[in-house]
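User: I'm new to this one. Can you walk me through it in short steps?

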Amino acid sequence: MNQATTNEDRRTYDVIVLGAGPTGENVAERTRAAGLSTVIVESELLGGECSYWACEPSKALLRPVLARADARRVPGLRQAVKGPLDVATVLDHRDEIVFHWQDDNQVDWLDSVAVDLVRGHGRLDGPRQVTVRTPDGDTVPLAARHVVAVCTGTGAAVPDIPGIDAVRPWTSREATSADRVPGRLAVVGGGVVAVEMATAWQALGSQVTMLVRGDAGLLARMEPFAGQLVADALREAGVDVRLGASVASLARENGEVRTTLKDGGELAVDEILFATGRVPRTADLGLETIGLTPGTWLTVDDTCRVTAVEDGWLYAVGDVNHRALMTHQGKYQGRIAGAAIGARAKGEQADETTWGAHVATADVAAVPQVVFTDPEVAAVGLTTREAERAGRRVEVVDYDIGNVAGAHQYADGYRGKARMLVDPDRGTVVGVTFVGPGVGELLYSATVAVVSEAPLERLWHAVPAFPTISEVWLRLLETYRDRHQPGPS
C-alpha cells in the first residue's frame, strides 16, 4: 500500500508527480514498482491531453476516413463505399473512445498500482515542496523525500494576431472534440496536427483551406517528399492548400470568421484552427520559488533530471522538456526516469551509458512518428536534412513502394515512397521514412533496425513475408547492394 507520512503539516511521499497524462502515469507506476511511495497531482482529467484531446480522439476521427480511402482502392469494394461518411456515428464513436470525457477508468488503474491522487492545481513552493489548490478551494501541502517530477506537458501555441481573442479560434482541443462539422474550416499551419485535422474534417464534410506560412511545404521537419505526397493527396480530396499564406488579422462578423491575409487577400470561414506549435505548461508551476523562469521549457539530462536544479531532486519528463514532443516518447521517458529515480533512491549508481537502462537515448537517435493522413507517413531516426546539418555522412536509398507485390495487393494504383539512410562507415541504418497507405505498421521494424544498429549484412536474414508491403525492406537492401557491386571487368 502507498504510505504517506506527515512532515510539519505536509503529507510526505518519496515522489510527487505533477501531471497525470500518459507520461506522469508511467513515472508514477515505475516509481511505485520500485517501492517508492508516490502521489500524482492533476487539475484536469487523468489520462491527459493524449487521451481526451489529441491522440485518441484524433485517430477516432481519422480511422473511418483512412479505412474508406483504402476500401475505395480495392477492386470489388470501391462501389460499396462511394457514399459519404456517417458523421453522427463517427462523432459518437469518438465520444466513446474518450469515455465521454470521464476518467473513472483511469482512476481505477491508479488505484490498482497503489498511487495516491490529489486533484487540483499543484505549484512548487520551494525545494521538494508542492502546494495543491483543490477544486473546492482547499489547500493540500505536499513534500517529497526524493523527487518532484514535472509531467505537465504542453498547450497549444496561439499567435498574437489582432482580433484573435474575439474570434475564439479552434486549437487542437476544439478540433478533436467538436460536436458538429463546420461548413468551412481554415487550418493555419502545416505540421502534423494541421494535416491530420485537414484530412479528417474535409472527409467529414468541411471545405478546408490550409494557410501555411512560408514555402517549405507541409511536414517541413520530415523528408520533403513526405509533405509533397500528402499535399498532393489533400488537394485531390478537395482541400485548398495555400503556401506562403500568413494571417494578418481576424474578426467574427455575423457568425463568420473574416480572415485578412498579409498579402491583402481575405477568406471567410465558419471556424479557424490554429495548429502552430506547442508551449510548455510551466507558467503557473511556481518555478520562480526554485530559481527557474516560469513559462520556459525545462532542460534536462538524458535521465530527465533538470540540469539547472542542484541536488538532482527535480525531474521534467515528457513534452515539457522539449526533447521529443510525442506521447509514446513521453511514456518512454517516464519508464526511463521512473527506473532512474528508483535506482538513485536506493543509493545505486544510474546506468548513464548510451542505450543504458536509465537514459533516454531514443530521444536523439530513434524517435518514431506516424502521421495518420492519406497517405500515411512513418519515420524514425535521421532525415537527410538532419544528417547534413549534423555533418554526418549518409547514403540515401530510395524505392517506390508501389513496385512491391504487397502494395499491388493492398491497393490499385498504390502510391508511396521509402527512403533508407545508411551510415556507410558502419553499415547500419540510421533513418527510415515511409509514405503510403498502411505504412504506419512498418514503423516498428524500422525502429528496431535503427535502435539495434544491426549491420546490413544481418538484415539480409530478416525475411519479409510475401506478398506484404514489408518486402520494401528487401528492395531497399537490394538497391543498396546493387549500387556497391563492382562493375564488369
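Analyst: Here is a quick tour of some sheets, helix pairs and loop residues. Keep in mind that this is a predicted model.

User: Sheets to begin with. What is the strand order in the open sheet of 5 strands?

Analyst: The order is β18-β19-β22-β21-β20. The pairing there is antiparallel.

User: Which strands sit at the edges?

Analyst: β18 and β20 (395-400) are the edge strands. Each of them pairs on one side only.

User: How much does the sheet twist from one strand to the next?

Analyst: The average is 15°.

User: What holds strands together in general?

Analyst: Strands of a sheet pair through backbone hydrogen bonds, and the pairing can be parallel or antiparallel.

User: How many bridges link β18 and β19?

Analyst: There are 3, and the two strands run antiparallel. β18 covers residues 369-371. Q369 has A379 in β19 as its bridge partner.

User: How many bridges does β19 make with β22?

Analyst: It makes 6, again in the antiparallel sense. Strand β22 spans residues 428-436. A379 is bridged to T433 in β22. E376 stands opposite G436 in that strand.

User: Now the open sheet with 4 strands. What order are they in?

Analyst: They go β11-β10-β9-β15, and the pairing is parallel. β11 (240-243) and β15 (271-274) form the edges, each with pairing on one side only. The twist in this sheet averages 15° between one strand and the next.

User: Which helix packs on that sheet?

Analyst: Helix α8, residues 192-204. It touches β9, β10 (207-212) and β15. The direction of α8 makes about 165° with that of β10.

User: How many bridges join β9 to β15?

Analyst: 4 bridges join them, and the strands run parallel. β9 covers residues 184-188. V188 has F274 in β15 as its bridge partner.

User: Switching to helix pairs. At what angle do α1 and α10 cross?

Analyst: Roughly 25°. α1 is residues 22-33 and α10 is residues 327-345, and their axes come within 7 Å. That angle makes α1 roughly parallel to α10. The crossing is right-handed.

User: Which residues of α1 meet α10?

Analyst: P22, T23, N26, V27, R30 and T31 do. On the α10 side, the partners include T327, K331, R335 and I341. By class, the contact has 4 nonpolar, 7 polar and 3 charged residues.

User: What about α3 and α4, how far apart are their axes?

Analyst: The axes are 9 Å apart, and the helices pack at about 150°. α3 is residues 55-71 and α4 is residues 87-97. These two helices are therefore roughly antiparallel to each other. α3 passes α4 in a right-handed crossing.

User: Which residues make that contact?

Analyst: From α3, they are E56, P57, A60, L61 and P64. From α4, they are V90, L91, H93, R94 and I97. The contact of α3 with α4 counts 7 nonpolar, 1 polar and 2 charged residues.

User: On to loops. Where is D302?

Analyst: D302 is in the loop between β16 (278-280) and β17 (314-316). D302 is partly exposed, at a relative accessible area of 40%.

User: What does D302 touch?

Analyst: Leaving out residues up to four places away in sequence, D302 touches R323, I336, H358, V359 and A360. D302 is also 13 Å from Q329, C-alpha to C-alpha, and 27 residues apart from Q329 in sequence.

User: Last one, P455. Where does it sit?

Analyst: P455 lies in the loop between α14 (443-452) and α15 (456-459). P455 is partly exposed, with a relative accessible area of 35%.

User: Which residues is P455 in contact with?

Analyst: Neighbours within four places in sequence aside, P455 contacts G427 and T428.

Definitions and conventions:
Residues are numbered from 1 along each chain as its sequence is written. This is a predicted model: local features need pLDDT of at least 70, side-chain atom pairs count only at pLDDT 80 or more; totals for chains, interfaces and linings use all residues. Side-chain values use heavy atoms; hydrogens and water are left out. Axes are lines fitted to C-alpha atoms, for helices over the stretch in contact, and angles run from 0 to 180 degrees between N-to-C directions. Angles under 35 degrees count as roughly parallel, over 145 as roughly antiparallel, 65 to 115 as roughly perpendicular and the rest as oblique. A crossing is left-handed if the near helix is turned anticlockwise from the far one by less than a right angle, and right-handed if clockwise. Contact means heavy atoms within 4.5 Å. Ala, Val, Leu, Ile, Met, Phe, Trp, Tyr, Cys and Pro count as nonpolar, Asp, Glu, Lys and Arg as charged, and the others, Gly among them, as polar. Two strands pair if DSSP finds at least two bridges between them. Buried means under 20% relative accessible area, exposed over 50%, partly exposed in between (1.4 Å probe, protein chains only).
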